[in-house]
Amino acid sequence: MKNTTCKLFLLALIFLFVRAGHPATYIVGDRVEDFNLPGVDNKKVTLDNYPNARGFFVIFTCNHCPYAQLYEQRIIDLHNKYAPKGFPVIAINPNDPDIVPEDSFEEMQKRAKSKRYPFAYAFDNEQTVFRLFGANRTPHVFLLDQDRIVRYIGAIDDNPEMASAAKNKYAEQAVEALMRGERPNPDFTRAVGCQIKYRKN
């Protein structure tokens, strides 16, 4: 029994040391700080813009990625279904346009207009927000509750190719659990998509 307790204590210390020794990224259970990013409508996008929200889908996505394009309509559908219930989508493009010109702010504005995005689409121009969240793919979902606590991280569902063939709609299942006052299960899945294009400085 003592050996087991010691091992658990050592594992906890190692975990704390690893988190302390590297730039912190959000995990399930962490409280998210507000951000302030330029939106395609030339207004600032912040969590404070939604005082009556019961939570948020913060989704890192972009213009050019084939996976982001496959999930584009599903992101629109998520917003249309759950924003009226208090869970709006906030989409954030984290990519460096010097690496992928299709993901420039101007191209974001064009795509948002042509696809009639009903949600906020913001540009992480300093590439600080995606690093804080720990996002590494597009798309990558972070579901927050009313207190801005991360409750789910991962994929929208389990079938990038076809929405109708998805057996597990992870993002929907997670928000439905929150609305019932339950913890999402699973609360973490592997995001599938293109790697975020970041400046190496």
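This briefing covers the fold, the sheet, the helix packing and some individual residues of one protein. The model is predicted. The protein has five helices and nine strands. Along the sequence they follow the pattern α-β-β-β-α-β-α-β-α-β-β-β-α-β. Of its 201 residues, 46% count as buried. Take contacts between residues at least 6 apart in sequence: 74% of them join residues at least 24 apart.

**The sheet**

- Five strands form an open sheet in the order E5-E4-E3-E7-E8, and the pairing is mixed.
- Strand E5 (120–123) and strand E8 (150–154) are the edges; each has a single partner strand, so one side of each lacks a neighbour in the sheet.
- On average, neighbouring strands here are turned by 20° against each other, direction ignored.
- E3 and E4 run parallel and are joined by four bridges.
- Within that pair, Ile-59 stands opposite Ala-91 in E4.
- Strand E7 (residues 140–145) and E8 run antiparallel, also with four bridges between them.
- The bridge partner of Val-141 in E8 is Gly-154.

**Strand E4**

- Is E4 enclosed or open? Five of its five residues are buried, so E4 is largely enclosed by the rest of the structure.
- In a regular strand, side chains alternate between the two faces of the sheet.
- Val-89, Ala-91 and Asn-93 point one way from E4, while Ile-90 and Ile-92 point the other way.
- The residues on both sides of E4 are buried.

**Helices on the sheet**

- Helix H3 (residues 105–114) lies across E4 and E5.
- The direction of H3 is at about 170° to E5.

**Helix H2 against helix H5**

- Helix H2 (residues 66–82) packs with helix H5 (residues 170–179) at an angle of about 15°, and their axes are 11 Å apart.
- That angle makes H2 roughly parallel to H5, since the cut-off for this class is under 35 degrees.
- The crossing of H2 and H5 is right-handed.
- From H2, the residues in contact are Leu-78, Lys-81 and Tyr-82.
- From H5, they are Ala-171, Glu-172, Val-175, Glu-176 and Met-179.
- By class, the contact of H2 with H5 holds five nonpolar, no polar and three charged residues.

**Two buried residues**

- Arg-148 sits in the loop between E7 and E8.
- Arg-148 has 15% relative accessibility and therefore counts as buried, the limit being under 20%.
- Beyond neighbours within four places in sequence, Arg-148 is in contact with Asp-30, Arg-31, Val-32, Asp-34, Leu-47, Asp-48 and Phe-56.
- Phe-130 lies in helix H4 (residues 129–133).
- Its relative accessible area is 5%, so Phe-130 is buried.
- Phe-130 and Asn-93 are 37 residues apart in sequence, with their C-alpha atoms 8.8 Å apart in space.
- Beyond neighbours within four places in sequence, Phe-130 is in contact with Phe-60, Pro-94, Asp-124, Ala-135, Ile-196 and Tyr-198.

**Asn-36**

- Asn-36 is in the loop between helix H1 (2–21) and strand E1 (37–38).
- Which residues does Asn-36 contact, leaving aside its neighbours within four places in sequence? They are Lys-44, Val-45 and Thr-46.
- Asn-36 and Ala-122 are 86 residues apart in sequence and 9.1 Å apart in space, C-alpha to C-alpha.

**Backbone exceptions**

- Most residues other than glycine have a negative phi, and most peptide bonds are trans.
- The bond from Thr-138 to Pro-139 is cis, with omega near 0°.
- Pro-139 belongs to the loop between strand E6 (137–138) and E7.
- The bond from Asn-185 to Pro-186 is cis too, with omega near 10°.
- Pro-186 belongs to the loop between H5 and strand E9 (194–195).
- Asn-42 has a positive phi, near 65°.
- Asn-42 is in the loop between E1 and strand E2 (44–45).
- With 63% relative accessibility, Asn-42 counts as exposed.
- Arg-116 has a positive phi, near 55°.
- Arg-116 is in the loop between H3 and E5.
- Is Arg-116 buried or exposed? Its relative accessibility is 73%, so Arg-116 counts as exposed.

Notes
Residues numbered from 1 in each chain as written. Predicted model: local features only at pLDDT ≥ 70, side-chain atom pairs only at ≥ 80, totals over all residues. Heavy atoms only, no water. Axes fitted to C-alpha atoms, helices over the stretch in contact; angles between N-to-C directions. Parallel < 35°, antiparallel > 145°, perpendicular 65-115°, else oblique. Left-handed = near helix turned anticlockwise from the far one by under 90°. Contact = heavy atoms within 4.5 Å. Nonpolar A, V, L, I, M, F, W, Y, C, P; charged D, E, K, R; others polar. Pairing = 2+ DSSP bridges. Buried < 20%, exposed > 50% of the residue type's maximum accessible area, 1.4 Å probe, protein only.
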